[in-house]
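Here is my note on this two-chain model. Please read it beside the structure.

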Amino acid sequence: MDESDLQIFIQGATHFFLHMGGEQAQIGTPYLASNCNNEIKGFTGIIGVTGKRRGSVYFTAPPVLLKVLLTTLGEENTGHENMCDMVGEVANVISGNARKEYGNEFLISVPIVVVGRLDKIVVPPELRSFVVPISWKNYDASLVIALE
Amino acid sequence: MKLMIVDDSNIIRRKIERSTEVDGLEVVATATNGVDALEQFPQVRPDIVTMDLTMPEMGGIECVERMVEMDPNVIILVISALSDKATAIEALKKGANGFLCKPFTEDELNRAFRELLEEKNYG
């Protein structure tokens, strides 16, 4: 995994928030994380990646960001279930959009949503995880990418 | 015109419902996966279907193929985050009529509906 891989996901996240959230997200400097659990912010959407690449993509966000995002989309119900749905959908869209660059052999799972800290990190231990900090409307989220 | 929405995300289903401003388009059914959609399809007989691709139990490509077998006249708009050309081409080959990438705006969705309905009426 190199800088060009990171750029693909950064572009996906930028595109998502501009297009769906109506406001540009600020992207911080990506960094290596030894323990993804330190990055978890309340709700986490996890996409498993197989095929041409192997690994995981996480989008993790606090409830307040998800509530604001839901409201921005016109959704009045900002309850727990819709926050879970939202965080999974963000992870799904960012990962799915990466196929524009990687092609259809970049296979993605349906989102798995975890609330709270993760009991078990599903990133294979030999993979390095890159964390991309995202700030949207002054709320912080993270994209965690771990690919072979 | 009767619209069926197939997507495993409640938020996306509701966004599509809210965004449907094309005259005469009425949401008659929603489904959360391909199996659910195919069960409802013969009863509801929608004129137009929005179809997600990545869903549990049965994905959208297989569902498109089976819906078209049941009703060759159905109009299917695939709405998916899978943005590679090969997937779009595969969906169209299986019988989908259009492909809209997520994330999408209300304007983009309504434009896609209008184009498909115009094609149907005048194509």
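1. Start with Ser129(A). At 4% relative accessibility, Ser129(A) counts as buried (buried means under 20% relative accessible area, exposed over 50%, partly exposed in between, with a 1.4 Å probe and protein chains only). Ser129(A) lies in strand E7 of chain A, residues 129–136 (helices, H or I with at least four residues, and strands, E with at least two, are DSSP runs numbered from the N terminus). Tyr31(A) is 98 residues away from Ser129(A) in sequence, and their C-alpha atoms are 8.4 Å apart.

2. A word on the basis. This is a predicted model, in which local features need pLDDT of at least 70, side-chain atom pairs count only at pLDDT 80 or more, and totals for chains, interfaces and linings use all residues. Residues are numbered from 1 along each chain as its sequence is written, chains are lettered from A and ligands numbered from 1 in the order in which they are written, and side-chain values use heavy atoms, with hydrogens and water left out.

3. Ala61(A) is another residue to check. Strand E4 of chain A, residues 55–61, holds Ala61(A). Ala61(A) counts as buried because its relative accessibility is 0%. Its C-alpha atom is 4.5 Å from that of Ala141(A), 80 residues away along the chain. Leaving out residues up to four places away in sequence, Ala61(A) touches Lys41(A), Gly42(A), Phe43(A), Leu66(A), Val87(A) and Ala141(A) (contact means heavy atoms within 4.5 Å).

4. Now the cores. The largest nonpolar core has 82 residues, of which Phe9(A), Phe59(A), Leu143(A), Met51(B) and Met67(B) touch the most other members. Such a core is a set of buried Ala, Val, Leu, Ile, Met, Phe, Trp, Tyr and Cys residues joined through side-chain atoms within 4.5 Å. Another core, of seven residues, lies apart from it; Ile40(A), Tyr58(A), Val131(A) and Val144(A) are among them. In soluble globular proteins, nonpolar side chains tend to be buried together. Beyond four places in sequence, Met67(B) has contacts including Met4(B), Val6(B), Phe41(B) and Ile76(B).

5. What does the contact between the chains take? It takes 22 residues from chain B and 23 residues from chain A. Together the two chains bury about 1,900 Å², 56% of it on carbon and sulfur atoms (buried area is the accessible area, 1.4 Å probe, that two parts lose on being put together, summed over both).

6. How many salt bridges cross the interface of chain B and chain A? The rule finds four (a side-chain nitrogen of Lys or Arg within 4 Å of a carboxyl oxygen of Asp or Glu). Glu75(A) and Arg14(B) meet through their side chains in a salt bridge, at 2.7 Å, N to O. On the side of chain B that touches chain A, helix H1 (10–19) and helix H4 (85–94) are the elements that give two or more residues. H1(B) gives the most, with six residues.

7. Thr54(B) sits in the loop between strand E3 (48–51) and helix H3 (60–70) of chain B. Its relative accessibility is 14%, so Thr54(B) counts as buried. Apart from neighbours within four places in sequence, Thr54(B) is in contact with Asn92(A), Ile108(A), Ser109(A), Val110(A), Asp8(B) and Leu82(B).

8. Finally, Asn33(B). The loop between strand E2 (26–31) and helix H2 (34–44) of chain B holds Asn33(B). Asn33(B) is buried, with a relative accessible area of 6%. Its side chain reaches the backbone nitrogen of Val35(B) at 2.9 Å. The backbone nitrogen of Asp36(B) lies 2.8 Å from a polar atom of the Asn33(B) side chain.

Key. Polar contact = N/O pair within 3.5 Å; in protein donor to acceptor, adjacent residues only side chain to side chain.
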